[in-house]
Amino acid sequence: MSLPTALPSSPVADPRRLGATGRSRRRDRAATAVPYDFRRPIQLSREHLRILQVGFDGFARQATTVFTSALRSVCQVSLAGIDQRTYAEYVDSLAPTTYLTLFALDPVPGRGVLDLPLNAVMSCVDHMLGGPGQADQPQRPLTEIESGVIAGLVERLLAEMRYSLAAIVTLDPEVTGVEYSPQFAQVAGAADVMVSVGLDLRIDERAHRMSLCLPFGGLLPHLTAAAAPAPVSSRERTQRAEAAALLHETFQEVPVDVAVRFRSTAVDPATLSDLRPGDVLRLAHPASAPLDVTVDEQAFAHATAGTQGARLAALIVAAGAAHTQENR
């Protein structure tokens, strides 16, 4: 590979032009339009997401215990993610045929949905009835006996959800129905904003995706209250006021070393080495300038030199609003 014999000359960069270009680029970036979704006028804040994540992490751990004890097999439930979406978007994300448990959320208005894949439900029923819970399961609605078996498992899961979200709101989930087609599970309007919680379910090394859907409008006031700082009682306010007064009083009596100094004077080493008793060293401090009053090398006031009886003294001439006399 050969290099070109001559490179194109580049003009000398003008710093003013570079500065103008940088500012114009910043203005271009700042002027970039961000699409506004009118279906989501209110978004989940980071604090709300953190509160929900803590609650549903606990729910995932408890659900692991529920599945393991009910199926007598190795199971694992983990939180996959929490999202905000419309109910129509949530329904579109589900399989055409699944096992949907609809439940009320008193005192939160609206209803929620617990989605369990039909294949996972059949495997759970097989395990609880003494079978091996094999991967190849029939894709059909449950019989009356199978529905009774799985209903107990769902009730336990909802009870664990109530316990896990107790720090946000005290829920009383109550099953109101079961659907196999997401299109018929009309628990909210198509444009209603919901909180979608994805959970990874693993049964005997087989992975499934289960999910929860809760009304965002009903949870928002409780999330806002949970994110607010805890109210302070009158007793705590009194204790804090007493502690502040004690701290202020104690600091008023802390002893410190105060020094009154001339301004520094630069002296070469040769002059210092030749000093003898009785020599006079000329200082750089003007005769009309006040002295510096320092604590830990920090000047906080100015003073003029004087005497008080037989002792040297310094009269403070500038120290904010205070004018006191310090003896040295």
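Q: Which residues in the largest nonpolar core touch the most other members?
A: This is a predicted model. In it, Phe56, Phe67, Met161 and Leu212 touch the most other members of that core, which has 50 residues.

Q: Which helix gives the largest share of this core?
A: Helix α2, residues 46–71, with 10 residues.

Q: Met161 is in α5, then. Which residues of α5 are buried?
A: Glu146, Ile150, Leu153, Val154, Leu157, Leu158, Glu160, Met161 and Ser164.

Q: And what covers the buried residues of α5?
A: The cover includes the helices α2 and α4 (118–128), along with strands β2 (99–106), β3 (111–116), β4 (172–179) and β6.

Q: How far apart are the end C-alpha atoms of α5?
A: They are 30 Å apart. Helix α5 has 21 residues, 144–164, and at 1.5 Å a residue it should span 30 Å, so the two values agree.

Q: What about α4, how many of its residues are buried?
A: Nine of 11, so α4 is largely enclosed by the rest of the structure. The buried ones are Leu118, Ala120, Val121, Met122, Ser123, Cys124, Val125, Asp126 and His127.

Q: What do those buried residues of α4 pack against?
A: Helices α2 and α5, and strands β2, β3, β5 and β6. Just after α4, Gly130 takes a positive phi of about 95°.

Q: Which residues line the largest cavity?
A: Phe67, Leu116, Ala120, Val121, Cys124, Ile150, Leu153 and Leu201. The lining divides into eight nonpolar, no polar and no charged residues. Helix α4 gives the largest share, three residues, and the elements that give two or more are α4 and α5.

Q: And pockets? What is the volume of the largest pocket?
A: About 250 Å³. The largest pocket is lined by 17 residues, and Tyr90, Ser93, Leu94, Arg209 and Ser211 lie nearest its centre.

Q: How does that lining divide into nonpolar, polar and charged?
A: Seven residues are nonpolar, six are polar and four are charged.

Q: Which elements supply at least two residues of the lining of the largest pocket?
A: Strands β1 (75–86), β5 (193–203) and β6 (206–215) each do. The largest share, five residues, comes from β1.

Q: Val193 is in β5. Is Val193 buried or exposed?
A: Val193 counts as buried because its relative accessible area is 16%, and the cut-off for buried is under 20%.

Q: How far is Val193 from Leu214?
A: They are 21 residues apart in sequence and 9.1 Å apart in space, C-alpha to C-alpha.

Q: Last one, the whole chain. How many helices and strands are there, and what percentage of residues count as buried?
A: The chain has eight helices and 11 strands. Of its 328 residues, 32% count as buried. Among contacts between residues at least 6 apart in sequence, 62% join residues at least 24 apart.

Definitions and conventions:
Residues are numbered from 1 along each chain as its sequence is written. This is a predicted model: local features need pLDDT of at least 70, side-chain atom pairs count only at pLDDT 80 or more; totals for chains, interfaces and linings use all residues. Side-chain values use heavy atoms; hydrogens and water are left out. On a 1 Å grid over the protein atoms alone, a cavity is a set of points where a 1.4 Å probe fits but cannot get out, and a pocket is an open set with protein on both sides within 12 Å along at least five of seven lines; lining residues have an atom within 4 Å of a point. Grid points are joined across faces, edges and corners, and a volume is the space filled by probe spheres set on the points. Helices (H or I, at least four residues) and strands (E, at least two) are DSSP runs, numbered from the N terminus. Ala, Val, Leu, Ile, Met, Phe, Trp, Tyr, Cys and Pro count as nonpolar, Asp, Glu, Lys and Arg as charged, and the others, Gly among them, as polar. A nonpolar core is a set of buried Ala, Val, Leu, Ile, Met, Phe, Trp, Tyr and Cys residues joined through side-chain atoms within 4.5 Å. Buried means under 20% relative accessible area, exposed over 50%, partly exposed in between (1.4 Å probe, protein chains only). The expected span of a helix is 1.5 Å times one less than its number of residues. Contact means heavy atoms within 4.5 Å.
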